[in-house]
Amino acid sequence: MPDTKQDVLDMLRDLTELTLLEEGDPQSFRVRAYENASQAIATEATDLGRLSLKDLQKIRGVGKSTSEKIRELLETGRVAKLELLRQKYPRSLVALLRLQGVGPKALRRLQTELGVQSLDDLRRALAEQRLRGLKGFGEKSERKLAEAIARLEQEGALDRTPISVALPHAQRMVAELSQVTGVTHASYCGSLRRFAETVGDIDIVVAGSNPTAVMDAVVALSSVDRVLGRGETKTSIVTQRGIQVDVRVVQAHQLGAALLYFTGSKSHNVKLRQRALKRGWTLNEYALSELEGGKVIASKTEREIYEALGLPFIAPELREDWGEIEAAESGRLPQPYDALSGDFHVHTSLSGDGRASLEQMVKAAIARGYGVLALTDHAEGTVSGVSREALLDQRQQIQALQKELGSTLRLLHGVELNVGPEGQLDYDPEFRQRFDWCVASVHSHFELEREAQTRRLLTAMQDPSVRMLGHLTARMIGGRPPIQLDLSRVFAAAKDRQIAVEVNGALPRLDPGAGALAEALKHDVTFLLTSDAHDTSELPLIDFAARHAFKARIPGSQIANTWSAERLSAFTAGR
Ligand code: DGT
Ligand code: CA
Ligand code: CA
Ligand code: ZN
């Protein structure tokens, strides 16, 4: 059964993005209408396919024109308006919005006045110095754009897809392919399974007895834009968002070998093959087998193959050829984390962008088996921020709730403070000090130069209320680059002042990135994994923080969510 809700959400996201481009104004009525509808539908539990036009309009936040588009999508699989917008604004053009300094208005001007439709076009226009002639552009903006292009190129982000886009796509295709006749297993592999921040393409491996049925299903997937090639056991397509997807079908008894091969990384596989060769075996996507005669040694599961090669199972996140095979051999592989005892960065509907009530968040935290939950709504300095009065009200509610809960779940009344350009924080010192848990996060002034940015954070960290640094570098993968910081000084201060470094599990962020986490490890700081949830459905995002931290090889002993309740509460109290 196709996932209608996800189809609708995808459509609304595309409509929002393209309408923003069309109208050049994030506050436009239409853009806001699509955004509101997305939020409303994201929290709507019912099967959308069953809802009539009238029912749809009854959902708060979904207007007439949006509900008509939803019905159109569900009935015909297409939305005329969206097709039109897609023709007008090709993906290669929309992708340029990722460049810092390129907003919808500027992009439209580049398109209409200079005929820019892609990155190559933009490069040419820059080389020919044609931008400086445009209204609102100058030599300085040419230079800044060239720098922005170079930066994204360096990160390999321009022709790669951020994990926040690729993962939901892949999960959905995997779910659809799992439904095909004869299929016993489907999973995404490649860099996505290794939990890379960006992926070149999506690789999917399916085990099934009816390859033709699987290939038929692949080309019929709702998100397909065009088919690149179709074979008996392999098909490649490009989705409407311009992502290439390679799907392979294998027989059930070959599944382990196929998963191992297509998960990579290439250099991890090379090392495994060398190991096999030393034993007189060969390893390929079908099996680990004897060189002479071809007798199969292992092929059904990855674990069996690793074991035959004298190794424990190596988690996909670790298969990057940093020395994991040697580590596995000598029993020094990073160990998966113990169960997480709680979350230290969540929002309620008190924040302008929160969608679940305090009670709902608490209930969901209990359902996850947490022993502690820090409520951290936005402080007043942002649009979504909360006034003193409302926070004091919330404190009373939390205290009342805590009485009911007893020792089931310990609630911390927290707040997410905004770090101002000079390191100043919201409210006043005395007001801040009354919270159980203050998170300090950068939400503005991303472009300060390194020394100013570093001093800004160090200043904020001087405040005794600050207990955790939220999404330290403020990056958006494939979008906004990390702010420039002397990380070594920031982490030294965090260690010194016992301030936790958050590992933020929101997929667009996964902040700090791998390089910054490696630096943090050198300073022996304490980490906290968080979901930064704005809804109950987002609490599981903490598992992405765990995968991200695990890939960076942060030991569980440095992650405070895995500590005993006593040690953890001493830490959160700043003792
Ligand atoms: P990506 O797509 O650039 O983010 O990175 P990957 O690692 O997903 O690379 P991709 O899609 O080219 O290939 C998927 C996996 O398939 C790769 O990690 C290892 C395996 N593979 C593909 N081609 C080769 C090859 O020529 N030799 C070996 N040993 N493995 C390969
Ligand atoms: Ca790939
Ligand atoms: Ca591939
Ligand atoms: Zn937050």
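This is a predicted model: local features need pLDDT of at least 70, side-chain atom pairs count only at pLDDT 80 or more; totals for chains, interfaces and linings use all residues.
1. Residues are numbered from 1 along each chain as its sequence is written, and chains are lettered from A and ligands numbered from 1 in the order in which they are written. Local features need pLDDT of at least 70 and side-chain atom pairs count only at pLDDT 80 or more, while totals for chains, interfaces and linings use all residues, and side-chain values use heavy atoms, with hydrogens and water left out.

2. Since H345 belongs to strand β11 (residues 342-346) and E416 to strand β13 (residues 410-418), the pair ties together parts that are 71 residues apart in sequence; strands are DSSP runs (E, at least two residues) and helices are runs of H or I of at least four, numbered from the N terminus.

3. Both residues of that pair can be checked for burial (under 20% relative accessible area, with exposed over 50% and partly exposed in between, using a 1.4 Å probe and protein chains only). H345 counts as buried at 0% relative accessibility, and E416 counts as buried at 1%.

4. Elsewhere, three strands form an open antiparallel sheet in the order β8-β9-β10, where two strands pair if DSSP finds at least two bridges between them. Because β8 (281-283) and β10 (296-298) stand at the edges with a single partner strand each, one side of each is left without a neighbour in the sheet. Two bridges join β9 (residues 288-290) to β10, and L288 stands opposite A298 in β10.
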